[in-house]
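Please look over the sequence and the structure shown here. A short report in plain terms comes after them.

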Amino acid sequence: MTVATVLEPKMPKCWRQETKPHKFCPGCGHGDILKALGTAIDELGIQDRVVFGCDIGCSLLSWDLFNCDSIQTHHGRTTPVMTGVKRARPDRICIAYMGDGGGYAIGSQHLVNAASRNEKILVIVANNVQYGMTGGQMAPTTLPGMKTETSPYGRDPESTGNPTLGPEMVAAITPDSAYVARGTMANLRQLTQMFKKALQNQIDGNGFSFVEALSACPTNWRTNAAKTWEFVEKEMTKYFKVGELKAPAKKEGQ
Amino acid sequence: MADKPIQGEKRMFMTGNEVCAYAALAANVDVMYGYPITPQNEIMHYWTRLAPKHNRTFLQTEDEISAGFTTCGGVMSGKRCFTATAGPGNTLMQEAMSMAEMMRIPAVFIIQQRGGPSTATVIYSQQEVTMTCFGANGEGLRVVYSTSSHQELFDYTIKSFNVAWKYRFPTFVLGDGYQAKMRESVTIYDPEARGIQMVDTYPLVGLPGMPGVDRDPAHLRNTYNTEEELYEVVKDLVDAYEKMAPEIVEHSTMECDDADVVILCHGIVSRAAIEAVRNLRAAGVKAGFFRPITLRPFAKDALRPIAEKAKKLLIVESSQGQFAKIVTDALYGLTTPMETIFKPGLGITSDEIVNKVKAMI
């Protein structure tokens, strides 16, 4: 007699099982990034205090991903919505989750000003160097020479500028009490640690926290698994340096 | 707890913007989010002076888009929140207002209309009627009070918070630059002293208990996958709005019973119309006056019999027919002749109305 072994998929405790499998394409980076975020929330034991906000674009597919109170907002507007939530309820731990279009194009004024004001929220930008949900258009982060639907001959920095360096920009305009880092889906252990530090920074009431996570979009990149990983690990990191840009010193007694 | 900002009642002489700030304070508002634009600036100026003394807060955002969305966020946290804007700021804020419509966010918006289109003037108009009532990609599921005096600015600002939180539709106080900047006498009061109970607020997110264990998580969204799914959602919104409408619709009339000419207007233009009706009556002309106080929902049922009975109608407004569109929509099928005074971005005097009515009879 054969005994069927059912393997429970391993997922963070704060993920909502009823809404799994999640809605992202196979190979998409969002699932991994949100798993790292979920692990960080679990390890800090803050699930019941988190208010999770997601943007428009593929990030919106996370609106029911967590067993956390969640708000799906408009394109680029997750940062001000979570700012509003946090200002009215400082005891909540607010996470604004968006793509690179939401963070660096349509919502850039919100990111710049929330960072300048040192809002005590965590903003996460998943950077997959193009617009996923709308079908692969050029984003502020598209690499020079990279072909997209709106840069079919390759991005020309002469006419469309260079890729936006989000964490570098945020680090330049925030005080020392901010936490700023760039992680990658290719190193989830490190990314989880970054999320933990970023969330701890908010819990401690220090200031703004910002993590960009390098992500993948094999659907629009039209890449197989090997090419996808190669692009995330080798090509993207040539331009987007992974690491912490700003980490407030631990307070006494921590 | 800090002392009540207004004890009992007080007779004051102040600008409309100051009145709005005091009304928000009296209504127990927790947070104002705002961005500078004339002619609403002094609402922020007075709020920022008064609020800290009563443990209330303020955030000056980077633009009106952000002011609208931070207000939505604050409301979803369960706090009484509002913002104020005008003209191009109202344009930018439409995006947040449409999210408030879709997600039933009880946010309050004070609009002090200025000239349009574009930058235009910072002074006065009634040109934000269409945008405030029906702006953005939506169905106009909003409550809009068009005020005509400082007393109404005070009364309806307080009322807006209660209507918003009772029915959970975004609620608007539609004033204008004249009301904003002019000084006049007003009685400000503690709502409780008048028997007005502020409707309780409650959080939509950040609820107590462990989500997924003690309760389901609040998963609030405005995105839907199929036409049918969206249709059901919007139908429910419309049903809720239509159920609410008869409970909150407001209008006022003057001398309509035997009127040959009924003047239709809203907001501050009503003051010229009231004066015109008095003068016309004194001159033996049977003039009357109908004024919707809520532009959304509109007092269609009250207006139709009056309009049907009148010999002629005169629509008067400081825009090129934005209010007239609402009126003619409500009066579809009636044949009462109608004339208009459209003065986009310009104030209207009682004399102009008197002369026009005399020319009509």
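Predicted model: local features only at pLDDT ≥ 70, side-chain atom pairs only at ≥ 80, totals over all residues.

Residues are numbered from 1 along each chain as its sequence is written, chains are lettered from A and ligands numbered from 1 in the order in which they are written, and side-chain values use heavy atoms, with hydrogens and water left out.

**Strands of chain B**

Helices (H or I, at least four residues) and strands (E, at least two) are DSSP runs, numbered from the N terminus. From strand β2 (residues 31-34) of chain B, B:Val31 and B:Tyr33 point one way and B:Met32 and B:Gly34 the other way. All four are buried, that is, under 20% relative accessible area with a 1.4 Å probe and protein chains only. Strands pair if DSSP finds at least two bridges between them. β2(B) runs parallel to strand β3 (residues 57-60) of chain B, joined by four bridges, and B:Met32 stands opposite B:Phe58 there. With strand β4 (residues 81-85) of chain B, β2(B) pairs in the parallel sense over two bridges; here B:Cys81 is the bridge partner of B:Val31.

**Aromatic rings**

Over all chains, the structure holds 14 aromatic pairs. Rings of Phe, Tyr and Trp (its six-membered ring) pair if their centres lie within 6.5 Å; planes under 30 degrees apart count as stacked, over 60 as edge-to-face and the rest as tilted. Two of the pairs are as follows.

| Pair | Centre to centre | Angle of planes | Class |
|---|---|---|---|
| A:Phe208 and A:Phe210 | 6.5 Å | 15° | stacked |
| B:Phe169 and B:Tyr241 | 5.3 Å | 85° | edge-to-face |

The second pair links distant parts of the chain, 72 residues apart: B:Phe169 lies in the loop between α6 (150-167) and β7 (171-176) of chain B, and B:Tyr241 in helix α8 (residues 227-248) of chain B. Both B:Phe169 and B:Tyr241 are buried. The charged end of B:Arg104 sits over the ring of B:Phe169, 4.3 Å from its centre; the cut-offs are NZ of Lys or CZ of Arg within 6 Å of the ring centre and within 35 degrees of the ring normal.

**A loop residue**

B:Thr336 lies in the loop between α11 (322-330) and β15 (338-342) of chain B. B:Thr336 is buried, at a relative accessible area of 15%. A polar atom of its side chain lies 2.7 Å from the backbone oxygen of B:Ala307.

How values were computed
Buried < 20%, exposed > 50% of the residue type's maximum accessible area, 1.4 Å probe, protein only. Polar contact = N/O pair within 3.5 Å; in protein donor to acceptor, adjacent residues only side chain to side chain.
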